[in-house]
Amino acid sequence: MTPDSTAQQGRQVLSDIRVLDLSRWVAGEFATKTFADFGADVIKVEKPGEGSFTRAWGPFPEDRPDPERSALFLHLNTNKRSVVLDLRDDADREVLLALVRRSHAVVESFRPGHLEDLGLGPDVLRAVNPGLVLTRISAFGQTGPYRDREASGLVLQATGGPMNATGQADRAPLRKPGLLEHYTVGRSAAQATMAAVLRARRTGKGATLDVSGQEVLLAGADRRASYLLSAAYSGMTAPRGARSPHRHGATFTGPFRASDGFVMVYVTNQVFWNRFVELVGADDPGFRERYLDRQTVAGQDREEFLAYVADWIAQRPKVEVMEAAEARRIPVTAYLSVSEVMDHEHFRQRGVFVAADHPVAGRLEYAGAPWRMERGFALRTTAPLLDQHGAEIRAELAEEGVA
């Protein structure tokens, strides 16, 4: 593997932190990945025989299912070590407690109460290490009427608010695609964990963090926040599919088909409107005269305007449309495919993707951190094989005299 240049600058910013990852799905694994990629020693505790749930989740290179070749697992577990422990086994629980003694944080995403059923509840872990930060990620929190309910990402989006703000009011609600909600929950969990670790290092006092996926989405910094304020201060509840004035007057937003894909147009004020009319009507004085400086465009006028715009864009490649708009400072963006993103000169020049060799999956490219800082992100190791570091970790504990 070719290490990131930051790895050659010495210790990373979190090199003196140890985190135990007891999670088995995206939110917890993304939370601990944040620590691992900044240098923390993250030990992933996995179930015997099968490991994390994400090992069974595709896609797989060459479409060949293999727990060591899951793209999701490989992405979420860079820079971590793996040890297999059966938490129902007395000897393995002692190994876990020995690790807890030497750790700053534990992140888990079991169903509420499961750690207690294993005899590893917060009181047990904190008795072993009073300065420990225990982060507990669940769908609806560790308390309340819904604490024992399971929830998929779809359920969290529905109950947490995002779907209320997505889609048209006269059609069925839409969910945001992929695993976005799980990454959002994981990011919030990582932020809270880091804050608690900093406090514990200053005061010696640990903390138990109750992270509710539903509440993370409810608190999201998008339109839901303004909806909550509106309801709290005026009693008004925004209807689903509600929009700002972008759908009315001399404004419009939305996707348009280009000759080789799509572009997203975001004309939301009079300045953008006039610039866009000048761009599209550069060779059509009649179009410019008809639509420049219009404060309101509705009915047949609007339909004819949008049809003209759609035809103009359809005759041009998406990147050409984007660059022409950008030159006039109009927010228009080309939709890029995954392969186009990975080949894009901007991302290549910034070193966004890092190539590394995995012993089973082979040479792949991984996404780096979306920021730059000295001794920050480094891809030190690819995701571990199941129990790859089991013997190593037990040997370290024996040397430290805590096992």
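The structure is a predicted model, in which local features need pLDDT of at least 70, side-chain atom pairs count only at pLDDT 80 or more, and totals for chains, interfaces and linings use all residues. Residues are numbered from 1 along each chain as its sequence is written, and side-chain values use heavy atoms, with hydrogens and water left out. Helices (H or I, at least four residues) and strands (E, at least two) are DSSP runs that are numbered from the N terminus.

- Six strands form an open sheet in the order 3-2-1-4-5-6 with parallel pairing, where two strands pair if DSSP finds at least two bridges between them.
- Strand 3 (80–84) and strand 6 (207–212) are the edges, and each has a single partner strand, so one side of each is left without a neighbour in the sheet.
- On average, neighbouring strands of this sheet are turned by 20° against each other, direction ignored; axes here are lines fitted to C-alpha atoms, for helices over the stretch in contact, and angles run from 0 to 180 degrees between N-to-C directions.
- Five bridges join strand 2 (residues 41–46) to strand 3 in the parallel sense, and Val45 stands opposite Val83 in strand 3.
- Helix 1 (residues 26–37) packs on the sheet and touches strand 1 (18–21), strand 2, strand 3, strand 4 (105–108) and strand 5 (133–138), with a direction that makes about 160° with that of strand 1; contact means heavy atoms within 4.5 Å.
- Helix 7 (residues 180–203) lies across strand 4, strand 5 and strand 6, and runs at about 165° to strand 5.

**Ser23**

- Ser23 is placed in the loop between strand 1 and helix 1, and Ser23 counts as buried because its relative accessibility is 0%, buried being under 20% relative accessible area with a 1.4 Å probe and protein chains only.
- The side chain of Ser23 reaches the backbone nitrogen of Glu29 at 3.2 Å.
- Leaving aside residues up to four places away in sequence, Ser23 touches Gly28, Glu29, Lys44, Val107, Glu108 and Ser109.

- Another open sheet has three strands in the order 7-8-9, with antiparallel pairing, and its edge strands are strand 7 (252–258) and strand 9 (332–334), each pairing on one side only.
- Strand 8 (residues 261–267) pairs with strand 9 in the antiparallel sense over three bridges, and Thr333 in strand 9 is the bridge partner of Met264.
- Helix 10 (residues 270–280) lies across strand 7, strand 8 and strand 9, running at about 135° to strand 8.

Methods: Buried means under 20% relative accessible area, exposed over 50%, partly exposed in between (1.4 Å probe, protein chains only). A polar contact is a pair of N or O atoms within 3.5 Å; within protein, one must be able to donate a hydrogen and the other to accept it, and residues adjacent in sequence count only if both atoms are side-chain atoms.
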